[in-house]
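Please keep the sequence and the structure at hand while reading.

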Amino acid sequence: MRLLLLSLAFCFSSVLAAQVGGLFTYEFLNFAPSARVSALGGTHIAVVDDDINIAANNPAALNPLMHEQLSFSHAFHPGGVQYGYAAGGYYHQKLKTTFSGGIRYANYGTFDLTNNLGQVEGDFKAAEYGISIGAGRQLAERLRGGINLRFVTSRLESYNSAGIVADLSLLYQDTAKNLIITMVARNAGRQLTTYREDNVEPLPFELQAGISKRLKHLPFQFSLIYRYLDRWNILYDDPNSTETTLLFGDVNSEQTNTEIWFDNFARHFVFNGELFVGKKDNFRLRFGYSHLLRKELSIEEYRSLGGFTFGAGVKINRFRLDYGRTNFHIGGGVNHLTIGTNIKEFR
């Protein structure tokens with residue numbers, strides 16, 4: 001437990017000393033691992049149940065309910081981009097530890113290979129993969145801890161790169177109050193080989209905190225996720241912007257310092273909720289909202305559902321089917337599908 005706390009503190013302090021902003025490599029690691037996560041705002045870490053996909057972003061969520069769980073997810077992104085995640089879980093009784101294994105992939109499709117004059121000389125493909133193993137266990141009566149280790153490889157035309165990434169997390173669970181509080185340090189690591197010689201690029205490190213509460217007299221659970229604890233200013237300064245849209249849709253040509261502060265503050269949050277239907281929660285309705293997603297991808301002249309997400313899940317016999325929809329802007333969004341089962345149900 002002390003080692004895990006020390007590791008989280010080290011990751012936090014090291015990022016505070018680094019420069020804020022810039023581009024990151026291996027951004028596909030931030031794609032939602034499942035349709036459920038897509039429907040809940042694209043980021044969901046404050047939950048402990050039998051969903052093995054949650055452990056992809058928060059290894060402290062690993063628990064015995066995930067024993068022999070299998071899941072496969074695939075998302076259809078605009079422009080022919082496709083990505084997905086396959087995972088499985090195993091609980092070791094003697095070690096009192098739940099292990100997970102998974103693979104992320106992102107296929108960006110086929111592109112024209114052109115010369116300096118724009119003449120097509122062929123084509124090339126681009127894809128990235130992340131192979132991970134994770135472990136999580138109970139550290140105290142209400143405290144859980146976990147770690148993910150992930151080997152990442154990327155190929156963009158003739159450029160190749162590989163890296164090693166880790167996720168560290170702590171999770172507090174009060175089952176009597178149906179309350180969960182968690183903190184996750186995601187994507188801490190570095191490149192092992194670079195696309196170009198002596199050009200090491202930063203990884204998309206992020207420190208997150210989350211809280212969730214399931215209501216006592218209503219089958220509904222809501223969550224609040226705070227992203228980028230390691231940096232405050234996540235605004236994008238667009239020099240071509242002439243007007244801005246505030247949180248509730250009002251248009252203002254010039255923001256005050258207070259409005260800028262609240263706009264930046266709201267971008268850190270992801271709100272979501274999940275409604276459970278049936279005695280065994282076999283049917284679920286989900287929704288989410290990310291203000292950061294809405295502000296960065298919406299078009300100022302048009303209103304849209306950018307930043308809003310929704311979906312549903314149902315269990316039929318031995319299988320659980322989930323669908324998630326992420327709305328980027330009026331040009332399109334992402335449709336995400338997940339199918340999961342448990343090997344024990346086939347015995």
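Which residues are exposed on the other side of α3? The residues concerned are Asn257, Thr258 and Phe262. The model discussed here is a predicted one.

Helix α3 spans residues 257-267, and its buried residues are Asp263, Asn264, Ala266 and Arg267. These residues lie on the same side of α3 because the arc they cover around the axis is only 160°. An α-helix has 3.6 residues a turn, so residues three or four places apart point the same way.

The cover over the buried residues of α3 includes β12 (269-277) and α4 (291-297).

## Strand β12 and its partners

Strand β12 is joined to β9 (residues 220-226) by seven bridges, and the two run antiparallel. Within this pairing, Val270 of β12 stands opposite Ile225.

Strand β12 also pairs with β13 (residues 283-290), in the antiparallel sense and over eight bridges. Here Phe271 has Tyr289 in β13 as its bridge partner. The hairpin of β12 and β13 has five residues between the strands, and Gly278 in this hairpin takes a positive phi near 105°.

## Salt bridges

The structure contains 14 salt bridges. Side chains of opposite charge can pair when their charged atoms come close.

One of the salt bridges brings together the side chains of Asp51 and Arg36, at 3.1 Å from N to O. Arg36 belongs to helix α2 and Asp51 to the loop between α2 (35-39) and β1 (69-76), so this pair ties together parts that are 15 residues apart in sequence. Both Asp51 and Arg36 are buried.

## Two further pairs and a network

Asp167 and Arg150 form a salt bridge in which the closest N and O atoms are 3.3 Å apart. Because Asp167 lies in strand β6 (residues 159-174) and Arg150 in strand β5 (residues 143-156), the pair ties together parts 17 residues apart in sequence. Asp167 counts as buried at 0% relative accessibility, and Arg150 is buried with a relative accessible area of 2%.

A salt bridge also forms between the side chains of Arg214 and Asp281, at 3.4 Å from N to O. This pair links distant parts of the chain, 67 residues apart: Arg214 is in strand β8 (residues 206-214) and Asp281 is in the loop between β12 and β13. Arg214 is partly exposed, with a relative accessible area of 24%, whereas Asp281 is buried, with 15%. Through salt bridges that share partners, Arg36, Asp49, Asp51, Glu274, Arg284, Arg286 and Asp322 are joined into one network.

Notes:
Residues numbered from 1 in each chain as written. Predicted model: local features only at pLDDT ≥ 70, side-chain atom pairs only at ≥ 80, totals over all residues. Heavy atoms only, no water. Buried < 20%, exposed > 50% of the residue type's maximum accessible area, 1.4 Å probe, protein only. Helix = DSSP H or I, 4+ residues; strand = E, 2+ residues; numbered from the N terminus. Arc of directions from axis to C-beta. Contact = heavy atoms within 4.5 Å. Pairing = 2+ DSSP bridges. Salt bridge = Lys/Arg side-chain N within 4 Å of Asp/Glu carboxyl O.
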